[in-house]
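Have the structure open while you go through them.

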Amino acid sequence: MRRHLDRIRFRGQRRDEFLDLAESPNTSDTESTDDVGLKPQASVRESEELREVEGEQQGDAQAGPGSFSAALQDDTKTDLNEVKGHLEIALLEKHFLQEELRKLKEESNVEELRQELEKERSRCLELEQKVNDALRSSLEDSPSLPPRAPPPPAPAVSSTDKQKDTLSDSCLKWLYDRFGVYIEDFRFQPEEHTVETEEPLSAKRLTENMRRLKRGFKPVTNFMRNLSALSSWYSVYTSAIAFIVYMYAACNGWAIPMFLFLAILRLSLNYLIARGWRIQWSIVPEVSEPVEPPKEELTVSEKFQLVLDVAQKAQNLFGRMANILEKIKNLFMWVQPELTQKLYVGLWLAFISSCLLPYKLLGFIIGVYAGIKFFVIDFIFKSCPKLRQRYDTPFIIWTNLPTDLQLKERSSNTMSRRVTATGGRGSLGAAAPLGVGRDEDGGRNYSTKRGTFHEVFSLPESERPLSVCENGWRCCLINRDRKTPTDYIRNGVLYVTESYLCFESSSSRSGSSKRNKVIKLTEITDIQKYKVLSVLPGSGMGISIATPTTQKPMVFGAMIHRDEAFDAINAQYTKINAMATAANPET
């Protein structure tokens with residue numbers, strides 16, 4: 001009976017007869033593309049089903065009502081399974097259809113391009129048709145024109161003229177085939193401004209670029225070091241041989257060929273080294289620097305220290321380059337007239353001698369002077385620094401040339417001296433009255449950049465900075481109890497008074513003391529010298545101060561005059577504690 005109900009309920013294909021979804025087309029489950037091919041199979045199945053139905057009817061008549069109820073329960077379960085299977089198929093087909101829709105949306109731009117290409121092709125066909133029509137009309141009009149006279153017979157050409165013509169034609173054809181493409185392509189094109197993509201900041205990339213720069217400069221530094229060793233007679237035999245060979249070549253006018261030969265020899269040695277030969281010659285023995293293997297994972301502090309080290313090296317390198325360029329600029333801009341005057345006179349002498357003397361004699365003089373200067377005079381000057389400072393003109397000019405930074409410092413110092421002199425003269429007429437001490441009158445004049453000292457720190461008027469720190473010490477407060485970067489590190493000025501240690505933050509607003517720090521000297525439990533980072537100002541020197549209210553000691557780092565500040569704070573701290581102990585001997 002169950003089989004009979006199954007045949008009546010589902011006459012189509014069974015679930016196991018569906019095509020694989022990966023191979024089937026993206027259609028819904030209601031569509032069927034194989035109806036024609038399935039008709040003969042359906043007829044055979046129907047005949048078999050009729051026979052099975054007849055046999056089942058006979059068996060059901062014998063089975064009874066109990067088997068019929070069991071068959072109904074089984075049929076409900078199979079119906080649920082079939083519905084579940086259909087739902088799964090529908091969900092899969094929905095997923096496939098969404099994927100196809102997404103692909104079609106992505107390919108929509110391609111379709112637009114194809115449409116534009118088809119339009120261009122149609123335009124080309126129309127233009128070709130118009131050109132063909134114009135040619136046909138011109139051909140149709142040409143018979144109406146009067147017939148032209150036959151051309152005169154060509155004169156007889158000899159065989160030699162034919163050979164010349166063929167030779168010239170072949171030459172022209174070869175030139176056109178060789179350079180015709182470049183001549184036709186030659187045209188003035190506007191300059192394209194390309195914007196290079198900038199790489200994001202990376203500690204690993206930064207260190208690698210610094211190493212590459214160092215490796216690139218290594219041949220230049222080795223060459224300069226060898227030249228310095230030659231002029232300093234580091235190796236007596238090598239310097240003597242080089243001096244004799246150079247002077248002989250300069251006396252015979254072979255200085256330039258000698259330098260060219262040395263360049264060819266150097267390139268030949270480099271070729272052999274590139275081919276695998278182990279050739280190493282240097283006047284000064286090279287010192288191999290240990291190469292640290294790059295670490296794969298770095299902590300935040302190690303990355304920060306690495307970036308600071310690379311930044312310091314880059315800062316020093318750029319500073320040296322800027323000094324050289326600024327000195328050259330100031331030499332030619334008459335910033336130091338007495339130094340530029342020597343260069344001016346030397347250029348006039350060189351110009352007059354180049355006009356009057358023959359070039360052979362001039363080259364001989366220059367070559368001999370250069371050899372004596374390099375091998376003899378420089379060696380004497382390096383051995384006797386006092387002679388060099390007095391008679392070495394190029395060295396004197398170069399060392400006395402100022403940079404822009406030095407000129408700025410000189411001008412600021414000159415202005416400060418003028419202001420000081422003017423203030424000293426004016427103070428004579430505005431002297432303090434008799435009976436008023438310096439401390440009493442000066443208490444009203446102590447102030448910071450934000451206002452009066454006692455108002456900024458909310459202290460009594462009697463509290464004023466000590467004489468050793470009237471202007472304060474520039475530093476940065478590192479409060480390791482705080483988590484946010486703005487509260488963790490703060491730049492400012494540190495003062496010490498009779499009873500307090502005051503820190504004025506540079507970022508605090510005028511009239512607000514929220515970011516300022518006031519520490520009572522009697523509350524300090526420990527004071528020590530501390531080093532933060534060597535790349536910070538003052539070589540990273542600082543002062544560590546511990547109080548009962550802080551879990552970790554506060555650090556006043558990056559102090560240029562750390563030792564002076566530590567001595568002053570420690571002395572005042574000891575003095576206050578001694579006074580407190582004398583006042584309360586029981587404690």
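Predicted model: local features only at pLDDT ≥ 70, side-chain atom pairs only at ≥ 80, totals over all residues.

1. Residues are numbered from 1 along each chain as its sequence is written, and side-chain values use heavy atoms, with hydrogens and water left out.

2. On burial: of the 587 residues in the chain, 19% are buried, meaning under 20% relative accessible area with a 1.4 Å probe, protein chains only.

3. Take the contacts (heavy atoms within 4.5 Å) with a separation of 6 or more: 57% of them join residues 24 or more positions apart.

4. Have a look at helix 6 (residues 203-231) against helix 11 (residues 359-383): their axes are 8 Å apart and the packing angle is about 85 degrees. Axes here are lines fitted to C-alpha atoms over the stretch in contact, with angles from 0 to 180 degrees between N-to-C directions. So helix 6 is roughly perpendicular to helix 11, a label for angles of 65 to 115 degrees. Helix 6 brings Leu227, Ser228, Leu230 and Ser231, and helix 11 answers with Phe374, Phe375, Phe379 and Lys382. That contact splits into five nonpolar, two polar and one charged residue, where Ala, Val, Leu, Ile, Met, Phe, Trp, Tyr, Cys and Pro count as nonpolar, Asp, Glu, Lys and Arg as charged, and the others, Gly among them, as polar.

5. Next, helix 7 (residues 236-251) and helix 8 (residues 255-274), whose axes come within 7 Å and cross at roughly 135 degrees. Helix 7 is therefore oblique to helix 8. Val245, Tyr246, Ala249 and Ala250 of helix 7 touch Ala255, Met258 and Phe259 of helix 8. The tally for this contact is seven nonpolar, no polar and no charged.

6. Finally, the cysteines: there are zero disulfides, a disulfide being a pair of cysteine sulfur atoms within 2.5 Å. For Cys469, the closest cysteine sulfur is in Cys502 at 9.1 Å, too far for a bond. Cys469 is buried, at 1% relative accessibility. Cys475 has its closest cysteine sulfur 6.7 Å away in Cys476, again too far for a bond, and Cys475 is buried at 5%.

Note on methods
Buried < 20%, exposed > 50% of the residue type's maximum accessible area, 1.4 Å probe, protein only. Helix = DSSP H or I, 4+ residues; strand = E, 2+ residues; numbered from the N terminus. Parallel < 35°, antiparallel > 145°, perpendicular 65-115°, else oblique.
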